[in-house]
Amino acid sequence: MFDRLSEKLSSFRSDVEETAEEQAEPVEDSAEEETEETEDAPADEAADAAEDADLSLGRRAKSFVTGRVVLDENDLEGPLWDLEMAMLESDVEMSVAEAITDRLEQELVGETRTMLERTGGVADEALREALLEVLQVGQFDFEERLRTADKPVVIVFTGVNGVGKTTSIAKVARYLDHHGFDAVMANGDTYRAGATEQIREHADNLEVELISHDQGGDPAAVLYDGKEYASAHDIDVVLADTAGRLHTSQGLMDQLEKIGRVVDPDLTIFVDEAVAGQDAVRRAREFHEAIPIDGSILTKADADTKGGAAISIAHVTGKPILFLGTGQGYDDLERFDPEDMVDRLLGES
Ligand SMILES: Nc1nc2c(ncn2[C@@H]2O[C@H](COP(=O)(O)OP(=O)(O)O)[C@@H](O)[C@H]2O)c(=O)[nH]1
Ligand SMILES: [Mg+2]
């Protein structure tokens, strides 16, 4: 998962380390700094240069451990540019790539840095901070939210056709069961032939009730019935499926808007596939602008090497990624954890 992006991030780390070792001035203590300021005669400068050139690798390495180095904009220009290009190639959205490189520059440039570890360690730390900043957007405790909400909690799943909405509903039903919540499914995809059979199979496998109407019926009416059923049977959560495709995208948005009015969902979750990269990010933005979402599920992360959608979608919508879909089985659903994601991207898990 996300291997290619992970490789590119790790080459940024080694680029910065290399640049720092080649270019940054080791500053061993403040006494020396003061001497340097007063010694500005050309002869002394030459002597300094000779002394610098003389610094053995071992001594330099030691000064990185115990001393301090200063990285400036010029040192970082190359590595940051390469990183930005690498992120764009990995389908990271432009504004998100910029937010990450800006943050890295802020973290790394400027004041003298105490080098507790090798420079790579500092780049690593900065990269971790920058990635966390874009991934942590709006995270909330999903189970706590369900626990404290009035029941039944209605969760509507939106997104285009084929991205994994119905499969995700089945996985979330399993997840809820494992966390002590019961659920009913409601099939608001009355548009596609075969949609009811597909979700019924999941409902039967998972032993969850399914509310459905005939094909061509009003989705809002099905979801309303799902909510009524849940109230009458004391069921915690209604998992509401929707159609991903109508004649026009305006039709789709109108339908979601009507669902919003009729069942007043507690959570609207946007589902898209991680493998769709920039397209997934663009759709997330469009859906969110039309019908505000509360979070996203990124499916097919198991098949995604680029990682761009996973990096970008929270930042672009301002709403968190809640789950990653990692396969076709009911248990292939991971609660999204920004720290774990960063560890994975930085090769630490
Ligand atoms: N590899 C993989 N396949 C998935 C995942 N989620 C869904 N799929 C597959 O994607 C296809 C479309 O899923 P479906 O739930 O019908 O999409 P919908 O049209 O949005 O409801 C199915 O073949 C699913 O098995 C996932 O996380 N990983
Ligand atoms: Mg479906």
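## Aromatic rings in a predicted model

At a relative accessibility of 5%, F287 falls under the 20% limit and therefore counts as buried. The structure is a predicted model, and F270 is likewise buried in it, with a relative accessible area of 0%.

A search of the whole structure finds three aromatic pairs. The rings of F142 and F323 have centres 5.2 Å apart and planes at 90°, so this pair is edge-to-face. Because F142 lies in helix α8 (residues 142-148) and F323 in strand β10 (residues 321-325), the pair ties together parts that are 181 residues apart in sequence. F142 counts as buried, at 0% relative accessibility, and F323 also counts as buried, at 0% relative accessibility.

In the pair formed by F270 and F287, the ring centres are 5.2 Å apart and the planes stand at 50°, so the pair is tilted. This pair links distant parts of the chain, with F270 in strand β8 (residues 267-273) and F287 in helix α13 (residues 278-290), 17 residues apart.

The two pairs described above are set out here.

| Pair | Distance of centres | Angle of planes | Arrangement |
|---|---|---|---|
| F142 and F323 | 5.2 Å | 90° | edge-to-face |
| F270 and F287 | 5.2 Å | 50° | tilted |

F142 and F323 also belong, together with Y175, to one aromatic cluster. Charged side chains meet rings as well: the charged end of R335 sits over the ring of F323, 5.6 Å from its centre, while the charged end of R145 sits over the ring of F140, 4.3 Å from the centre of that ring.

Definitions and conventions: Residues numbered from 1 in each chain as written. Chains lettered and ligands numbered in written order. Predicted model: local features only at pLDDT ≥ 70, side-chain atom pairs only at ≥ 80, totals over all residues. Heavy atoms only, no water. Phe/Tyr/Trp six-rings, centres within 6.5 Å; stacked < 30°, edge-to-face > 60°. Helix = DSSP H or I, 4+ residues; strand = E, 2+ residues; numbered from the N terminus. Buried < 20%, exposed > 50% of the residue type's maximum accessible area, 1.4 Å probe, protein only. Lys NZ or Arg CZ within 6 Å of the ring centre and 35° of its normal.
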